[in-house]
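Work through each task before reading its solution.

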Amino acid sequence: MKLFLRTPPLLSLVGFLATLPAFAIPLALTPVPDAYLGSAPASLLPPPQEARLSEAFLSLEGLALQAEGPQPELQWALRDLSREVQARFGTTLATEGSKLLRVGTLEHPELAQAARERGLTPDKPEGYALWVEEGGAAVVGFDALGAYRGAQTLRQLLTPQGFRFAQVRDWPAFGWRMAMIYLDKDSRAVNDVLVPLLAKLKYSHVLVMSDYVQWNSSRALWHPSGAPRAEAERVVRLIREHGMEPVPLLELLSHAQWLFYNPQTGRYDANKDLWADPEAPNSFAYDPLVPRVYEVVLPILSEVVEVFKPRYVHIGHDELTAQNRFPAKPEAVAVGLPRLFVDDTLRLYNHLKGLGVGTMIWHDVAFSEAYREQIAPALPKDIVVAYWNYSAAADYPLLGVVRGLGFGVLGSSWYNPGNPESMAQAALRYGANGVLQTRWSGYFGNATMYDGQAEQAVAYFNAASAFWNPPAPGAPPDDLAARYRQAWRVPPFTPIAGQLVDLGPAVTRRLADPDETQWIQKGPSTDLSALPSGVVRLGPYRFHVSGAVMLKGARAAASDLPQSVTLELGGVKARALAFLHTTGWIGSQRYERVGSYTLTYADGSKATLPLEYGRHLTSWLEPQVRTVVYEPVWRGRTQDGLEAGLNVLVWNNPKPDQPIQSLTLESSGAAANPTLVGLTLLERLPGAEAPR
Amino acid sequence: MLKPFLTIGVLLTLGLSSAQQLEFVTTSLAPTFNDFFEPLVARFERANAGVKLKWTDLPQNAIQQKILAGIAAGNPPDAVQLNSSQILELAQQGALLPLNDLLEAATFKLYQKTALDAFSYEGKIYGLPDYASTRIVAFNTDILKKAGLDPNNPPKTIPGIIEWAKTIKDKTGIYGFAPLIANVDFLKAFQEAGLPIFDAARKKAVFNSPAHVALLQQYVELRKKDYFPEDVMRRGFTAAYELYTAGKLGIIIIGPQFMPRLEKDNNAVWKATVVAPHPIGPGQVVQASTFAYAVPKGVRDPKRAAALAAWLTSDDNQLAFSKRTGTTFPTTVKAANDPFFRSGGSSVNDLARLAAAKTMRYGRDLTVPVPNASALNKAFKDNIEAAIFGQKSAKAALDEIVKFWNANL
């Protein structure tokens with residue numbers, strides 16, 4: 001009786017009918033010319049130091065691109081601008097036209113004069129002036145790199161109407177704005193997206209994790225998932241041709257498992273004579289007292305320098321005691337950790353110095369409370385120290401301690417909310433050389449930047465903003481995950497027609513839950529009433545939102561819902577289907593199959609899309625995005641302030657020429673129960689296919 | 001004791017060909033305890049003719065991956081030793097088998113109920129407890145003397161320890177203590193202080209009351225005044241032990257099993273160390289880390305695997321292991337009452353075991369089992385860190401966690 005009362009009669013009927021095999025709920029479809037429409041980002045990232053924007057636009061018609069100088073950076077700027085226009089409009093800008101978009105530096109007298117007349121003269125390295133106005137547009141760098149940075153701002157001023165009118169004078173707070181990437185077997189597919197993205201975000205340096213590269217000097221250690229040396233060479237070129245400097249990271253002393261990989265066994269049991277702790281079940285650190293360590297390590301270090309031609313090499317040296325005993329052997333114990341650390345660091349430092357290259361290390365052993373007094377005074381002061389702390393904090397006093405001891409220091413952050421922002425502000429206060437956005441996605445985890453750990457790459461955005469302009473007020477925009485996805489699949493500025501499906505007749509739960517009978521039955525403080533309803537645009541998509549087709553799940557509050565629902569679509573054709581969907585509860589296991597969508601075509605054939613938690617959909621209370629498979633389109637809060645979010649999954653219809661008779665939603669009954677909130681059918685697939 | 005052993009013997013004779021092999025995995029016990037496990041394996045093989053028992057030891061941070069990889073490849077180990085949070089997390093991911101239907105009800109009665117509870121989730125038992133280790137307090141007497149504190153009269157309460165820690169820092173410049181509050185350990189601090197995590201029906205999280213806020217605020221203030229090092233929040237006990245070993249920490253909350261290691265790592269500090277039982281607060285509980293054997297999903301013969309887990313955790317085996325370590329405690333009812341754990345010599349290592357034994361009856365694995373543990377625990381960790389590092393108030397942090405937990409419980 002109680003159950004009956006808690007379930008409105010209409011919803012019970014829907015639930016009951018939908019479970020009958022032959023029954024499908026007929027739905028109304030509304031054709032629209034702009035079911036999908038890409039738009040320019042709502043704000044400039046990183047936020048410029050000085051900017052005035054207006055709601056007028058410079059049309060692309062008759063607009064020509066022109067470099068005003070011989071520097072390669074100017075050609076790279078033109079390349080990036082051309083690619084942006086091509087991706088958004090499918091056209092290119094001419095080299096001659098009635099109006100000009102000029103890119104140059106203060107060395108060009110006419111551009112310098114034009115910048116002066118507008119009061120925009122840049123006066124700092126990497127600084128630039130930019131203006132877009134009726135007569136044309138220009139980017140004028142303090143130097144060639146400044147012009148390249150300015151072009152990245154101009155790309156973001158491109159809208160469906162043309163370039164937005166603007167006057168910008170801008171410069172970076174730090175000379176070192178570094179982001180970390182990896183070299184592995186998936187390097188090409190991933191770094192070809194990430195490196196241009198980092199350039200767009202105005203990073204100046206790229207820290208390249210290089211442990212498992214298949215160096216000529218490390219043939220006995222080649223891991224099948226490591227990147228070939230040729231890929232390292234290619235990525236180094238790619239970084240430089242995007243206006244950034246590569247810094248290789250080769251983890252030495254600690255985290256040195258790569259030195260122990262044995263291709264014959266597939267285990268980390270090579271070079272056992274070099275292990276710091278021979279009794280440990282796994283390898284982690286090498287023993288600096290073993291002379292052969294340097295016969296193995298130094299040739300690799302030399303080859304790294306040969307390939308990267310870097311100004312600095314980062315040699316790691318962190319978390320030395322994190323896994324095994326260090327020191328472990330009696331003779332090493334007698335020497336002690338501080339002396340072993342210093343001797344190894346000096347050995348590597350002197351080798352690099354002989355090659356004309358500087359040394360960078362992590363801070364946490366050399367500057368720890370336990371060892372600082374013994375290690376730091378014994379290290380050369382031109383070693384650059386990367387201080388890391390991955391929690392957001394009001395202050396990071398150790399930055400000041402390292403600086404006070406006479407070392408150059410970088411503040412290093414990760415992806416926790418607020419961490420890059422607070423680190424950049426502290427780095428500025430303590431006079432640090434710069435800032436570093438780390439990524440710890442596994443030695444062979446490049447593919448997870450597409451699916452699995454994308455949140456770490458999303459953090460490149462807010463870090464870039466904080467690193468360029470630390471005092472910029474306000475929280476980071478809530479569309480960073482959408483922007484990251486656009487790096488993989490650029491949304492066009494030309495509309496895509498489609499059909500909006502009104503799910504109203506199939507709704508099993510309303511979004512608002514005033515009396516604990518709707519949504520997830522936790523009442524008005526924890527419902528989805530903040531989502532706009534009716535015909536709405538969410539991100540680039542339009543949907544007809546009428547409530548939710550929520551399916552059965554393991555939680556008691558979802559136990560009376562239908563296991564499956566079939567939606568009658570009346571023989572419509574579509575190139576793609578956009579699902580605005582979520583789950584009522586968080587999934588217990590990533591990639592667990594929680595349900596499916598099945599299309600039944602007019603010819604009786606079927607196509608099924610399995611729904612995996614975290615890959616194709618996620619809970620509305622897990623707004624952090626870990627994949628670019630789906631697209632974040634709405635972010636809001638519940639009545640009591642919890643962050644909420646909805647995402648869109650686009651399914652490339654495998655049979656676009658076949659009329660679609662129906663769509664069946666099915667739940668596998670897990671805790672994370674599939675819940676469809678909107679459905680739109682598209683005549684074209686939005687954006688280019690992303691690599692996988 | 002005998003029953004699990006007999007059970008496995010019966011199963012083996014019924015179901016195994018002579019060439020078959022069983023495998024169990026331990027957490028970070030080799031090579032230190034090779035002299036225990038190698039004879040254990042030999043004893044098993046003698047009693048089960050023709051059956052090979054393979055022992056693998058893995059570091060704690062690799063073991064979950066090993067299980068998941070084994071399940072994916074269709075050849076997981078038969079029994080795996082894990083701590084409570086690992087077992088609960090894997091159980092929720094569907095990676096472990098519930099043992100209720102694989103063993104007779106009488107088998108479970110051999111274990112202390114509180115220990116067994118730490119491995120139970122939604123009415124199902126996912127692990128058979130093996131050994132437990134509770135915490136003690138160790139003091140560096142050299143540092144205490146410099147701070148003018150009397151090593152013979154250590155504080156008997158947590159607030160007392162905090163006061164000593166402040167005095168040490170104020171008078172010597174050396175950190176006085178390094179509280180274990182990283183990740184979700186503050187949940188344990190709440191319980192030790194007698195503050196509830198859930199309401200009586202266990203349906204709602206309630207750890208945002210003024211008393212909870214006040215406890216967290218106390219640590220916020222301590223960090224703000226630099227009374228404990230910042231890397232305690234990211235490195236937890238590892239940071240605390242590193243400092244104590246280097247003679248740069250006055251007081252450490254530590255498991256007694258670390259005393260023999262300290263003896264080797266820095267003999268001078270070990271010699272200067274005195275120990276005391278961990279204070280028992282209003283909660284009348286103290287954290288006792290407990291390890292148990294679980295059976296992964298996908299094992300060839302679940303009943304045989306469960307019987308192996310029961311044999312590994314039998315009275316005899318638990319007693320022998322804890323006697324060998326000298327610093328851990330059995331979790332079966334009978335073995336835990338062995339007089340060995342209430343007697344000993346006068347070395348710091350012996351005194352550490354005796355100090356732990358004094359509070360063992362208050363020992364509970366205070367891991368909080370919740371659905372969707374990884375998401376809920378992350379929300380907890382992020383917000384506690386934000387409070388400790390001054391990014392939000394203690395109240396705002398706890399309110400935020402409680403809201404998130406209650407929306408997802």
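**Exercise 1.** Identify the bridge partner of Ala64(A) in strand 5 of chain A.

*Solution.* The partner is Leu100(A); strands here are DSSP runs of E with at least two residues, helices are runs of H or I with at least four, and both are numbered from the N terminus. Strand 4 (residues 63-68) and strand 5 (residues 99-105) of chain A pair in the parallel sense over six bridges, where pairing requires at least two DSSP bridges between the strands. Between these strands of chain A the path runs through helix 3 (residues 72-89), and the β-α-β crossover is left-handed.

The model is predicted: local features need pLDDT of at least 70 and side-chain atom pairs count only at pLDDT 80 or more, while totals for chains, interfaces and linings use all residues. Residues are numbered from 1 along each chain as its sequence is written, with chains lettered from A and ligands numbered from 1 in the order in which they are written.

**Exercise 2.** Determine the strand order of the three-stranded open sheet in chain B, and explain which strands stand at its edges.

*Solution.* The order is 8-7-9, with antiparallel pairing. Strand 8 (251-254) and strand 9 (273-277) of chain B each have a single partner strand, so one side of each lacks a neighbour in the sheet. Strand 7 (residues 136-140) and strand 8 of chain B pair over four bridges, and Ile136(B) has Ile254(B) as its bridge partner in strand 8 of chain B.

Key: A crossover is right-handed if, with the strands pointing away from the viewer, the path from the first strand over the helix to the second runs clockwise.
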